[in-house]
Amino acid sequence: LLIAAATTTFVRNHICLRNPQSRLDYLFADGSMVLGNAFLTASSIAQVLVDRRSGITIQHVELPVIWTAGFALLTLLSLRNLLRRPPTAKPGGTLLHASLCAPPFAGMAIATGIYFLLKEGHPSGLAIYMQKLAEHALLYLQVGLYVWVGMILARTRLAAMAFDVLRPWRLPPEVLAALVVAFAAFPTAYSGASGIFVMAAGPLLFMEMRRAGARPQLAIATTAMSGSLGVSISPCLLVVIIAAMNKELTTDQLYGWGWRVYALAAAGILLAALIVRFRQLKDIAPPKEAAPVSGRNLAALLPFVIIGALVVCFYTFGLGTKVNEHTAPTVLPVLLILFLWWDTRSQRRTLPEDAPADVPRPRTGRLLVEATAETSGHIGALLMLMGCSMCFGGIIERSEVMSLVGNDLGSPIVAMAICVVLKVIIGMLMDPYGAVILVSVTLAPVAYRSGIDPVHFWAMVLVSFELGYLTPPIGLNTLLSRRIVEMTEPELLLPQPGKSWLARHEGVLLNCTIMTVVLLCVAFLPFLWK
């Protein structure tokens with residue numbers, strides 16, 4: 001985490017509401033990181049001093065020192081960035097835009113540090129919550145592996161080849177977007193969280209949607225929502241964590257409900273797309289024309305299917321290891337490296353013998369190094385946000401804000417309505433793993449006492465979180481999709497003269513409307529069967 005965070009800080013790749021452009025933007029961004037990392041460093045030093053004065057034998061005495069040294073390094077790197085703004089920084093800037101450039105992790109660290117220092121007089125509190133990441137070390141290593149898988153996938157032609165199967169049918173952009181969201185749920189289920197999938201595969205989806213003729217806002221909406229339907233289906237790691245922390249339900253029960261939620265949402269999105277573009281359906285290519293081309297393009301994916309089957313058979317029969325939610329983080333990197341090897345080999349083989357020397361010849365090793373280098377920057381941004389989100393959840397828990405809700409919310413329907421609002425707000429502010437921990441120890445027991453079935457409750461929670469990840473002002477998936485646009489077509493984020501407010505914000509409004517309808521169905525329709 002600390003090495004990746006140092007890399008991310010050095011290259012200025014932290015997640016923020018708006019990428020810095022002016023000198024004032026960089027002043028706010030780098031200044032907030034200096035202050036946030038300084039709070040983490042000071043709190044870690046306080047924790048080391050407390051441990052030494054306590055006289056209690058600590059099992060791993062080196063860990064607090066490593067944390068302190070790591071945060072001190074992050075502080076120095078942030079200070080270096082503050083004093084050395086990039087030459088591309090434009091003069092001027094506005095306070096409103098500059099305030100949006102401060103990374104959320106820095107704001108959470110500052111807020112948590114001030115709370116523990118002034119409210120509780122407990123300067124080491126921030127470090128204690130941050131160091132709890134070590135208690136879930138395997139989880140965050142798996143997050144890193146999933147991001148690596150996504151970066152390797154981005155170096156292959158798999159996404160483009162999958163779009164080639166659909167492209168001959170000349171589907172309306174809305175129908176294509178619905179299919180992309182529905183099919184993207186399956187790789188999301190293996191990536192553990194929708195934000196990870198958007199970060200990894202979002203650039204590919206955005207570019208392919210644009211090539212398919214989708215308008216910019218629809219492409220942005222599809223990218224942001226591409227992972228939203230996969231968090232509740234097997235073998236998503238988030239469900240495993242929920243079941244581990246809540247003995248009232250099992251993964252099989254939640255996965256069973258998850259498939260129903262997926263079917264409801266996918267069918268609803270596709271139906272809405274068909275209704276909106278009903279008149280354009282006549283322009284879809286006839287089967288006699290599209291099927292042969294689509295079939296040939298589908299056949300090009302056959303070698304990847306064979307490689308996948310061989311890898312699964314090797315793990316299952318050769319190593320006696322089932323490929324499931326527990327082993328996927330270590331199996332998928334092997335699988336994607338083999339995919340990359342086959343893809344680069346196929347591309348080199350198709351090059352003509354007389355191809356000029358300056359024509360790029362893809363090499364597996366070079367592409368793998370590039371993917372790993374890019375992964376380190378993304379891991380640092382994501383894990384620092386997750387860690388500080390857990391700290392921010394700690395002050396919500398300690399401040400007993402949740403106690404205002406009460407121990408019994410009365411009617412299950414009223415309790416569900418209150419929980420829906422609270423879960424969406426939590427999803428807007430926290431990462432999924434930290435949010436699950438917070439909800440498990442605060443709102444979940446209250447919901448159970450109010451008569452809400454545990455499986456029903458957590459199915460609603462997962463959809464609520466996804467709506468929160470799409471909802472401004474933070475909305476992690478919306479943030480990640482905007483970063484993708486800024487890297488590919490930044491002019492799309494500029495104000496478009498002559499367009500209405502609805503047209504300018506279609507990407508956000510479309511996703512929020514769809515997920516709100518799905519959430520209301522998941523939250524309240526099951527009561528009709530009781």
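Tutor: Let us begin with contact, which means heavy atoms within 4.5 Å. Helices (H or I, at least four residues) and strands (E, at least two) are DSSP runs, numbered from the N terminus. This is a predicted model, in which local features need pLDDT of at least 70 and side-chain atom pairs count only at pLDDT 80 or more, whereas totals for chains, interfaces and linings use all residues. Residues are numbered from 1 along each chain as its sequence is written, and side-chain values use heavy atoms, with hydrogens and water left out.

Student: Which residues in H21 and H22 meet?

Tutor: Glu466, Tyr469 and Leu470 in H21 meet Leu476, Asn477 and Thr478 in H22. By class, this contact has three nonpolar, two polar and one charged residues, where Ala, Val, Leu, Ile, Met, Phe, Trp, Tyr, Cys and Pro count as nonpolar, Asp, Glu, Lys and Arg as charged, and the others, Gly among them, as polar.

Student: At what angle do H21 and H22 pack?

Tutor: Axes are lines fitted to C-alpha atoms, for helices over the stretch in contact, and angles run from 0 to 180 degrees between N-to-C directions. Angles under 35 degrees count as roughly parallel, over 145 as roughly antiparallel, 65 to 115 as roughly perpendicular and the rest as oblique. Helix H21 (residues 454-470) and helix H22 (residues 476-488) pack at about 40°, with axes 4 Å apart, and are therefore oblique to each other. For H7 (residues 137-154) and H10 (residues 194-211), the axes cross at roughly 5° and come within 9 Å, which makes H7 roughly parallel to H10. The residues of that contact divide into ten nonpolar, one polar and no charged.

Student: How many helices and strands are there in the protein?

Tutor: The protein has 24 helices and zero strands. Buried means under 20% relative accessible area, exposed over 50%, and partly exposed in between (1.4 Å probe, protein chains only); of the 530 residues, 51% count as buried.
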